[in-house]
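This report describes the contact between two protein chains and the architecture on either side of it. The sequence and the structure are shown first.

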Amino acid sequence: MADAAPSRQRDTTLMGMYLFLASEIMLFGGLFAVALALRLLHPQEVAAASRRLHYGIGAANTVLLLTSSLAVALAVAAAEMGKVKGTVAGLLAAAGLGLGFLALKAAEYGMEIREQLLPAFTPAEAFDSPAAHLFMDLYLVATALHAVHVTVGVALLAGLAWRVHRRSLALPRAATGVEVVGLYWHLVDVIWVFLYPILYLVR
Amino acid sequence: MKVVAPLIAVWAALLALLGMTVGASLVLTGTPSLVASLGIASAKAALIAWVYMQLRREGGLMRIMALGAAFWLLILLGYLALDYLTR
């Protein structure tokens with residue numbers, strides 16, 4: 001199937017992936033628009049609400065995701081050279097770092113529930129202001145939607161590692177498959193790179 | 001090693017930028033803080049897109065596809081800001 005024109009096949013695959021990623025960007029774009037509107041309308045309240053978040057935990061989670069992106073980039077490089085062990089190691093390292101991100105995020109949600117910061121677990125009167133409540137609604141929706149994407153990404157990375165390990169994906173011919181999953185993972189990382197300052201670092 | 005070294009250099013740069021954005025949040029407030037955090041986030045996103053997502057080796061078509069999404073997002077956010085800033 002891929003024998004006729006592999007480079008054209010690769011271009012088509014990547015282009016389809018980029019179109020999907022564009023739709024993901026627009027999905028999160030709506031949330032970024034909400035963040036922008038909230039900040040323009042209620043700058044003081046939003047900054048006060050943001051200061052109550054654990055920015056150190058957010059930074060640690062950023063380190064985990066950035067490092068996982070490095071692992072995926074190394075896996076793609078290994079896949080293109082036909083190195084099975086390197087590819088599997090990179091993919092598994094990235095999946096493990098993704099799990100670490102989710103564990104830290106869950107612990108953070110737990111702290112926020114105890115501190116009466118997380119909507120759905122906190123009565124409306126407990127928030128400092130209606131704007132702070134809105135901001136925390138945005139925080140919960142945006143980080144939960146992102147966590148769903150991380151979960152899907154971890155499953156994709158682990159599944160891919162398994163198939164490469166079993167040789168049901170033969171490298172380097174199947175390197176495009178590794179590349180496509182890598183693109184998805186990098187985008188999930190890029191979205192977090194913007195969510196982190198927009199949610200945690202409003203001053 | 002020729003392939004691996006730039007990937008690790010980008011990772012180090014990304015961590016340095018993370019340090020910068022946390023540092024900036026400790027000293028800046030208001031609009032300068034917003035500009036600094038979004039500027040640094042954009043630099044990180046550009047590094048990831050250019051090196052990790054390998055746009056540096058792709059042709060024009062793929063780069064336009066990738067930039068297209070950012071462009072649409074800027075239209076969305078731009079018109080929204082125009083509305084709120086001119087009330």
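The domain assignment, which is automatic or taken from a database, divides chain B into domain 1 (1–53) and domain 2 (59–87). The C-alpha centres of domain 1 of chain B and domain 2 of chain B lie 20 Å apart.

The model is predicted: local features need pLDDT of at least 70 and side-chain atom pairs count only at pLDDT 80 or more, whereas totals for chains, interfaces and linings use all residues. Residues are numbered from 1 along each chain as its sequence is written, chains are lettered from A and ligands numbered from 1 in the order in which they are written, and side-chain values use heavy atoms, with hydrogens and water left out.

**Chain A**

Chain A contains six helices and zero strands, where helices (H or I, at least four residues) and strands (E, at least two) are DSSP runs numbered from the N terminus. Along the sequence, the pattern of chain A reads α-α-α-α-α-α. The C-alpha trace of chain A spans about 65 × 30 × 25 Å along its principal axes. An unreviewed UniProt entry places the feature "domain: Heme-copper oxidase subunit III family profile" at residues 15–203 of chain A; such annotations may be inferred rather than shown by experiment. Over residues 15–203, chain A is 82% helix and 0% strand, and the end C-alpha atoms are 39 Å apart.

**The interface**

The table lists how many residues each chain brings to the contact (heavy atoms within 4.5 Å).

| Chain | Residues in the contact |
|---|---|
| Chain B | 43 residues |
| Chain A | 46 residues |

Between them, chain B and chain A bury about 3900 Å², 80% of it on carbon and sulfur atoms. Buried area is the accessible area (1.4 Å probe) that two parts lose on being put together, summed over both. In chain B, the residues that lose the most area to chain A are B:M53, B:M62 and B:M65, together 15% of what that side buries.

Three salt bridges (a side-chain nitrogen of Lys or Arg within 4 Å of a carboxyl oxygen of Asp or Glu) are found across the interface of chain B and chain A. The side chains of B:R57 and A:E80 meet in a salt bridge at 2.7 Å, N to O. On the side of chain B that touches chain A, the elements giving two or more residues are helix 1 (4–27), helix 2 (30–52) and helix 3 (60–85) of chain B. Helix 3 of chain B gives the most, with 13 residues. The residues on this side of chain B divide into 32 nonpolar, eight polar and three charged, with Ala, Val, Leu, Ile, Met, Phe, Trp, Tyr, Cys and Pro counted as nonpolar, Asp, Glu, Lys and Arg as charged, and the others, Gly among them, as polar.
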